[in-house]
Amino acid sequence: SGFNSIGHMDTMLRGRYQIGHYKEGEEFIQNVFHVLSQIFTGKEKSNLAICWLQYEISKVIQCLQAKKKKKLKAQGRKSKKLAKNFLKAPDNRNNLCLWKLYAYLEWLLGNTDDARKVFDTALSTAGTGGLKSAQLCSLSLLYAQLEVELLESIEGAVMSRAVHILTKLTENGPYVPYSGQVLSVNVLKARKTYEHALQDYLSKTPVSDQDRVNDTDQLVNLVGCYALFQYLTVGIDAAVLIYTQASEKLEASGSQKCENTGENFGILNFPTALEAVTLLHTNLLRFHMKISVYPLNPLREALTEALKRYPSNQSLWRSYIYIQRKSHSASKARRFFDSVTRSTNSLEPWLFAIQAEQMRKKLTEKVQRADVGEIHCTIPETGLTNRIVALFEHAVQSENGTHCPLLWRMYLNFMV
């Protein structure tokens, strides 16, 4: 029809309904995937399958967030059929990335036992690469993370399925599914193996750029597995220590490389590795705070440091807004948003600053309304409205903001 947005805009609410995937946009995207899958062959075709499955998973996540059970069922059936068709193709049978996405899809749909079977099958057929195989590490890390999220407390986690997965990864032997217990001697051996592997990676000097890319991917997965292992077997401080060590080493390598070459192109992947490690670190702290008593400050400090360095990372901003909602004082967050928007051209700080104020406004209005339906309070909250309008005005005057349709739509939506 010409006016519908392609894909979705999940930040906008229209009446009671969340704007989802438009039919025309959805058809267009599916057509693109179909046409490309007939043109591509080999590695490209596998990569396309991975992108396609990631897109399907994003739709499943959207159904979960909107709590639409019927739609979720239909979407789940479609996505699973697609995933199974991909895995039937001879080229993809040993593609661990696709197996990982398929297992994740099953997990999201609530089929935990089926997902475990898929993970176990993938790990059993993946061979014995152990910590040397980036894909195997990545698969084990996701499996362990999902299992950890099911834990209600960290007590007795040493015997959990997650520890079994992370221990088996270090043994370089064929994977054996979890039988309900983990031997203490295996845990001790695994800790030593992780320690040595991490030291080796941190002291390694890659030969070519391709090696550098592979090594940094592998390092992120290794740090993630080791930190999660330490978290489950020792505690949160031991896990944080590993993230700190890895971050310091990556920062040092990055700055050293800059001095040597005089320019930045040599370390293309170091910032992304550092960013990924930071993300793992903050996510673990957030999870730990959810299941046990832990101060907010370490997480707040880690997030503010990370956001100064990566002002366009949306996941980090989401975590930041999430923790700020717990605090009754908005001034610290406002000062932080202000300092970040001054020092960067990215648009994300503006968008999230606006979102944080809108959430605050919503909360204030909710508190001020009486229990007798939609009776608005006699003293309207104009301060926040003026602040949000000022933020929009500044944002649309910035270089990137002027050309951002989402920002203009949000502004119009708010004014309406």
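Leaving aside neighbours within four places in sequence, L228 is in contact with L141, A144, Q145, V148, L166 and L284, where contact means heavy atoms within 4.5 Å. L228 is also among the residues with the most contacts inside the largest nonpolar core, a set of 112 residues in which Y194, Y231, L232 and L407 share that description. A nonpolar core is here a set of buried Ala, Val, Leu, Ile, Met, Phe, Trp, Tyr and Cys residues joined through side-chain atoms within 4.5 Å. Helix α9, residues 209-233, contributes the largest share of this core with 11 residues.

The structure is a predicted model, in which local features need pLDDT of at least 70 and side-chain atom pairs count only at pLDDT 80 or more, while totals for chains, interfaces and linings use all residues. Residues are numbered from 1 along each chain as its sequence is written, and side-chain values use heavy atoms, with hydrogens and water left out.

The chain holds 18 helices and 2 strands; these are DSSP runs numbered from the N terminus, with helices (H or I) of at least four residues and strands (E) of at least two. Of its 416 residues, 45% count as buried, a term that stands for under 20% relative accessible area, with exposed meaning over 50% and partly exposed in between (1.4 Å probe, protein chains only). Among the contacts in the chain with a separation of 6 or more, 58% are accounted for by residues 24 or more positions apart.

Helices α2 and α3 pack at an angle of about 165° with their axes 10 Å apart, the axes being lines fitted to C-alpha atoms over the stretch in contact and the angles running from 0 to 180 degrees between N-to-C directions. That angle makes α2 roughly antiparallel to α3, a label for angles over 145 degrees. From α2, residues A49, W52, L53, E56, K59, V60, C63 and L64 meet K71, L72, Q75, S79, L82, A83 and F86 of α3.

The loop between α2 (42-65) and α3 (69-88) contains K67, whose phi is positive, near 55°. A second residue that is not a glycine, N172, has a positive phi of about 60° and lies in the loop between α7 (161-169) and α8 (184-203). Most residues other than glycine have a negative phi.

| Residue | Relative accessible area | Class |
|---|---|---|
| K67 | 72% | exposed |
| N172 | 47% | partly exposed |
| L183 | 47% | partly exposed |
| Q324 | 8% | buried |

L183, like N172, is placed in the loop between α7 and α8, and its C-alpha atom is separated by 8.3 Å from that of M159, 24 residues apart along the chain. Helix α7 itself is largely enclosed by the rest of the structure, because 9 of its 9 residues are buried; among them are R161, H164, L166 and K168. Q324 belongs to helix α13, residues 314-324, and, not counting residues up to four places away in sequence, Q324 touches R300, S329, A333 and R360.

Notes
Parallel < 35°, antiparallel > 145°, perpendicular 65-115°, else oblique.
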